[in-house]
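Colleague: I am new to this structure and would like to learn how to read it. Please take me through it feature by feature.

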Amino acid sequence: MLVSCKTKYVAVPEYHTVYQTKMDSLVRKDSIWVIDSITLFSKADTVYKEKYRTIYKDRWLERSHTDTVMKIDSIRVPYPVERSLSAMDRIRMDLGSLSCILIAFCLYCFIKK
């Protein structure tokens, strides 16, 4: 008598895509000073050799790195799904509505007396 169809909720995944950009930068300074000196000295019979050399090397390393990350996230969203009635279910619903009408009619006749 109380047969009806009901709505069933099924979880359906919904996808969201998020793009994130990361940027890394690197700056490095490297300095080298090379001081080289050679000294030979002799006064008698004169041997003089003097070398004095200074080398400066400044090196800069600058690098920037950009990286894009794509995140895909799935979120479960409830989605209503209704099934169609079979022939037997339709017959049961029709008989249920007829029985409700008969009971209402019988109660009306009983109360009228």
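Colleague: Where is the place of Ala11?

Modeller: Strands (E, at least two residues) and helices (H or I, at least four) are DSSP runs, numbered from the N terminus. Ala11 has its place in strand S1. A word on the source: this is a predicted model, where local features need pLDDT of at least 70, side-chain atom pairs count only at pLDDT 80 or more, and totals for chains, interfaces and linings use all residues. Residues are numbered from 1 along each chain as its sequence is written, and side-chain values use heavy atoms, with hydrogens and water left out.

Colleague: Is Ala11 buried, exposed or partly exposed, and why?

Modeller: Buried means under 20% relative accessible area, exposed means over 50%, and partly exposed lies in between (1.4 Å probe, protein chains only). Ala11 has a relative accessible area of 45%, so Ala11 is partly exposed.

Colleague: Which residues does Ala11 touch, not counting residues up to four places away in sequence?

Modeller: Contact means heavy atoms within 4.5 Å. With those neighbours set aside, Ala11 touches Arg76, Val77 and Pro78. Ala11 and Pro80 are 69 residues apart in sequence, and their C-alpha atoms are 8.7 Å apart in space.

Colleague: Where is Arg76, and is Arg76 buried or exposed?

Modeller: Arg76 sits in strand S2, residues 47-81. Its relative accessible area is 58%, so Arg76 is exposed. Now try a separation. Arg76 and Gly96 are 20 residues apart in sequence and 37 Å apart in space, C-alpha to C-alpha.

Colleague: What about Ile32?

Modeller: Ile32 belongs to strand S1, which covers residues 8-42. At 38% relative accessibility, Ile32 is partly exposed. Leaving aside neighbours within four places in sequence, Ile32 is in contact with Ile55, Tyr56 and Lys57.

Colleague: Which residue can I look at in the helix?

Modeller: Take Asp89, in helix H1 (residues 87-112). Asp89 has a relative accessible area of 12%, so Asp89 counts as buried. The C-alpha atoms of Asp89 and Ala104 lie 23 Å apart, at 15 residues along the chain.

Colleague: How many residues of the protein count as buried?

Modeller: Of the 113 residues, 2% count as buried.

Colleague: How many aromatic pairs are there?

Modeller: Rings of Phe, Tyr and Trp (its six-membered ring) pair if their centres lie within 6.5 Å; planes under 30 degrees apart count as stacked, over 60 as edge-to-face and the rest as tilted. By this rule there is one aromatic pair. Phe41 and Tyr48 form it, edge-to-face, at 5.0 Å centre to centre and 85° between the planes. Tyr48 is partly exposed, at 49% relative accessibility.

Colleague: Let us step back. In what order do the elements run from the N terminus?

Modeller: The order is β-β-α. That is one helix and two strands.

Colleague: Why is the protein said to be more spread out than a compact globule?

Modeller: The radius of gyration is taken over C-alpha atoms, and the globule rule is 2.2 Å times the number of residues to the power 0.38. Here the radius is 47 Å, well over the 13 Å that the rule gives for 113 residues, so the protein is more spread out than a compact globule. Along the principal axes, the C-alpha atoms fill a box of roughly 155 × 30 × 15 Å.

Colleague: And the contacts across the whole chain?

Modeller: Among contacts with a separation of 6 or more, 75% join residues 24 or more positions apart.
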